[in-house]
Amino acid sequence: MGVTPFFAFAALFLIVPTLTLVVGAFQTPSGEPTLQNIQDLFTPQIMAAYSISIQISIASAGLGAVIGFFLAYAIVHGGLPGWIRPSLVTFSGVASNFAGIPLAFAFIATLGRVGLVTLFLKDAFDVNIYSYGFNLLSFWGLTITYLYFQIPLMILIITPALDGLKTEWREASAILGASNWQYWRHIGLPVLAPSILGCFLLLFANAFGAIATAYALTGSSLNIVPILLYAQIRGNVLYNPNLGYALAVGMIVITGCSNLLYLWLRARAERWQR
């Protein structure tokens with residue numbers, strides 16, 4: 001009885017909508033069975049959208065994982081003052097959930113053509129970042145924006161794994177004459193590898209499914225899957241809800257595979273923390 005509300009919530013807002021998407025992907029607007037929507041996923045425009053989305057997700061997940069790992073290492077094993085860790089973890093908990101239109105507006109106001117940082121660099125150092133090819137409404141602009149919530153999410157996930165590194169392992173390796181680099185090469189990184197790879201996959205799925213931030217920041221100037229899906233379901237020109245369902249199913253498959261690999265890697269990582 002206690003878990004009934006949870007299962008009811010999951011059924012109404014997760015299972016039923018997912019089944020509706022799957023069924024709609026194999027139907028025409030009139031409700032007749034068809035495979036045309038799935039075949040349309042392999043058209044050049046849609047394949048290009050998937051390609052760009054995957055590239056942005058890999059770039060933001062990779063950078064977020066690397067930067068987040070070193071920040072987490074600094075607060076766990078870096079010997080920093082005690083107040084830094086709770087402050088950074090608290091900020092990460094807030095920033096990892098800060099996305100959508102507010103995040104897009106914040107970056108436009110900061111790194112837009114008339115943004116605060118853009119004008120400061122131009123006035124103080126005579127450096128116009130846009131004259132060097134930077135564009136917030138581009139691949140790297142969206143990637144940098146995603147890093148705002150990717151790095152904090154990495155910190156939150158990898159910190160417990162770093163806490164799980166036993167002091168005895170480092171002491172034993174030091175007694176046997178191993179250097180700090182040898183410790184990390186043969187003990188630390190192999191133990192953390194499943195956690196790091198799992199975090200990367202989770203960050204990938206997190207970026208791949210983001211739409212509000214991308215749509216508010218770039219509009220239709222960047223052809224990524226979430227924006228193309230939105231155009232198919234809510235647009236006036238590309239309106240084709242069933243093709244949108246097929247696009248959503250493709251996203252579910254990609255993010256689902258990523259999350260399954262993450263769960264498998266997390267299970268492997270937890271063996272070392274028992």
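**Helix packing and a pocket**

Author: In this predicted model, helices H11 and H12 are roughly antiparallel to each other, because the angle between them is over 145 degrees. The computed angle is about 155 degrees, and the axes of H11 (residues 225-234) and H12 lie 7 Å apart.

Reader: Is the crossing of H11 and H12 left-handed or right-handed?

Author: The crossing of these two helices, H11 and H12, is left-handed.

Reader: Which residues of H11 and H12 meet?

Author: From H11, the residues are Val-225, Pro-226, Leu-228, Leu-229, Gln-232 and Ile-233. Their counterparts in H12 are Pro-241, Leu-243, Gly-244, Leu-247, Ala-248 and Met-251. By class, this contact of H11 with H12 comprises ten nonpolar and two polar residues, with no charged ones.

Reader: Let us turn to the pocket. Which residues line the largest pocket?

Author: A lining is read residue by residue, and then by element and class. Here the largest pocket is lined by Leu-14, Thr-18, Ala-205, Gly-209, Ala-248, Met-251, Ile-252 and Thr-255. Two or more lining residues come from each of helix H1 (4-25) and helix H12 (241-270). H12 supplies the largest share, four residues. Ala-248 and Met-251 belong to this lining, and both also take part in the contact of H12 with H11.

Reader: How many of the lining residues are nonpolar, polar and charged?

Author: Five are nonpolar, three are polar and none is charged. The space within the largest pocket amounts to about 220 Å³.

Definitions and conventions:
Residues are numbered from 1 along each chain as its sequence is written. This is a predicted model: local features need pLDDT of at least 70, side-chain atom pairs count only at pLDDT 80 or more; totals for chains, interfaces and linings use all residues. Side-chain values use heavy atoms; hydrogens and water are left out. On a 1 Å grid over the protein atoms alone, a cavity is a set of points where a 1.4 Å probe fits but cannot get out, and a pocket is an open set with protein on both sides within 12 Å along at least five of seven lines; lining residues have an atom within 4 Å of a point. Grid points are joined across faces, edges and corners, and a volume is the space filled by probe spheres set on the points. Ala, Val, Leu, Ile, Met, Phe, Trp, Tyr, Cys and Pro count as nonpolar, Asp, Glu, Lys and Arg as charged, and the others, Gly among them, as polar. Axes are lines fitted to C-alpha atoms, for helices over the stretch in contact, and angles run from 0 to 180 degrees between N-to-C directions. Angles under 35 degrees count as roughly parallel, over 145 as roughly antiparallel, 65 to 115 as roughly perpendicular and the rest as oblique. A crossing is left-handed if the near helix is turned anticlockwise from the far one by less than a right angle, and right-handed if clockwise. Contact means heavy atoms within 4.5 Å.
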